[in-house]
Amino acid sequence: MADDELELEPLEPNITLAEILDQDSLQRVCMTFARMHGTGLAVVDRHRQVLVDIPAQYPLCRRISAHPAGSSICGTFDALIQSEEANLVDGSINKPCTCGLGYEILAIRHQGMVLGRLVFGPYRDAGMSSLAPALAEALRSGDPEADAATLRGAEQDLQKMESLPRERALQVVRSLGEVLSVIVQTGYARHLTSQIHIAAIQDAYNELTEKNRRLADSVEKLKELDKLKSNFLATVSHELRTPLTSVIGYSEMLLEGLAGELSSDQRDYVQIIMEKGDQLLQIINEVLDISKIETGGIQLACERVNLAELMQQVGDAMRPPARRKEIALTVHPAEMLPPVWADRTKARQVLLNLVSNAIKFTPRGGTVEIRGELSRMNAGPGGGDPLAPPAVALKVLDTGIGIPEDARPRVFEAFYQVDNTTTREYGGTGLGLSIVKNFVEAHGGRVWMEAREPAGTVFTVLFPVNPVQGVTAAHGRPSPRSQTVG
Ligand SMILES: Nc1ncnc2c1ncn2[C@@H]1O[C@H](COP(=O)(O)OP(=O)(O)OP(=O)(O)O)[C@@H](O)[C@H]1O
Ligand SMILES: [Mg+2]
């Protein structure tokens, strides 16, 4: 197959045979040819690096190389394969070794460029009747008898060797040359494709590195902005709280008649001022909590807390708003619940948030239950290992509007609300559940939600019964009475 029949990419000027050829296939092809004709075979690249070297298996060659002068006699082969004479001719050149056996040397070309040489031999030419006279001279080792014995043996070996007419040897070399040219051609195409792939991957990698760098910059900037936002929220809500507390306090004093009797209308108005003030204070407190969580971590003051008692207190506190919506609020602590190791105020806030959500999102006439039961830390979906550490599970079950499936993974995110339209029916800032999750996890606990059939939602919180070592140790507070969780 001539090169100019194909549309080929120009060859890279410094490319080597080793880069183009698959060494294994080259070795296999050469081995097949060498074994087929019982000769040796070698391939060298243009930098004289030997890629394939299959020695001849003739008894004559073994005998000569075993002789003390063998290495210098057979060393002429090295000189042969390194000779660049064949590069200058079109076709094979024939060279004899010291014994007189022949070698065919053919340049391996691709697109007119010499990439290496193929050396076929040694073989016994049909015209060779005896060993070359130069061999007797080369064998001279100082032991004339041994040399004569080697020479006799070598002569016998030669006579037993099958001969190969040069015409036939040339045919073999030509066909091997053609096979190699095909391998070179496909190998070069493969080499180019892989170079293109490598270049494409390198480009993609560079692009990705650049994008990553820009992304890292943006993340850094966003983190700074986030910190600024948290600090701003913390400062503003703190500053708002003081005057608001006064507004609520003065409204209370007015209602108590400390500034004189109020008319019925005046009482109603002041009552509204106080209620709205309370609502506003609750929002401000939530914003403060979340900004504290984001900036400074959560300060826990842990002690043994009886959750059954806490459930009753929260139930009592939430009964008035429940009653206003005609919702039956019930509390069911299991008997003999062990105390948990928790921050009482935060545990109360967790339960208050869950119960106030349950009441808020349950239509008039529904029910809300607070249940407490003994559990294990890996309870819940996929859990149930009886060897997991003990926990108390607080459950808040409602018969409310439920949470659509696609919104469930997001309800614990700060500011996330299922209905976030400006016309939404329910008040709030979307911070309650985020605070719950942060507080619960600071205790080493867990919180999750499940849908309830036929309607409603169940929120479950697990508080570990025993102090969680990791939590304390991770934040370097050896005293179990106070833990900080970042
Ligand atoms: N028991 C529930 N039933 C139905 N939806 C709920 C329930 N609890 C929470 N959600 C949904 O999850 C959202 C997030 O709750 P979260 O408590 O964080 O915020 P919020 O109640 O809207 O506002 P905030 O608690 O800050 O006053 C709610 O807006 C609501 O859409
Ligand atoms: Mg809420």
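The model is predicted: local features need pLDDT of at least 70, side-chain atom pairs count only at pLDDT 80 or more, and totals for chains, interfaces and linings use all residues. Residues are numbered from 1 along each chain as its sequence is written, chains are lettered from A and ligands numbered from 1 in the order in which they are written, and side-chain values use heavy atoms, with hydrogens and water left out.

**View 1. The shell around ligand 1.** Ligand 1 is surrounded by 21 residues, each with a heavy atom within 4 Å of the ligand. The closest are Glu286, Asn357, Gln417, Leu431 and Leu433. At least two residues of the shell come from each of α11 (344–360), α12 (432–442) and β13 (457–464), and α11 supplies the largest share, three residues. Helices (H or I, at least four residues) and strands (E, at least two) are DSSP runs, numbered from the N terminus.

**View 2. Polar contacts of ligand 1.** A polar contact is a pair of N or O atoms within 3.5 Å. Lys360 places a polar side-chain atom 2.9 Å from an oxygen atom of ligand 1, and a polar side-chain atom of Thr429 also lies 2.9 Å from an oxygen atom of the ligand. From Leu433, a backbone N or O atom lies 2.8 Å from a ligand oxygen atom. Of the 600 Å² of accessible area that ligand 1 has on its own, the protein covers 95% (Shrake-Rupley method, 1.4 Å probe).

**View 3. The five-stranded sheet.** This open sheet has the order β2-β1-β5-β4-β3, with antiparallel pairing; two strands pair if DSSP finds at least two bridges between them. Its edge strands are β2 (50–54) and β3 (93–96), each of which pairs on one side only. Between β3 and β4 (residues 102–110) there are four bridges, and Ile93 has Ile105 in β4 as its bridge partner.

**View 4. Backbone features.** The peptide bond from Gly121 to Pro122 is cis, with omega near 5°, and Pro122 is placed in strand β5. Glu453 and Pro454 are also joined by a cis peptide bond, with omega about 0°; Pro454 lies in the loop between β12 (446–451) and β13.

Technical notes:
Polar contact = N/O pair within 3.5 Å; in protein donor to acceptor, adjacent residues only side chain to side chain.
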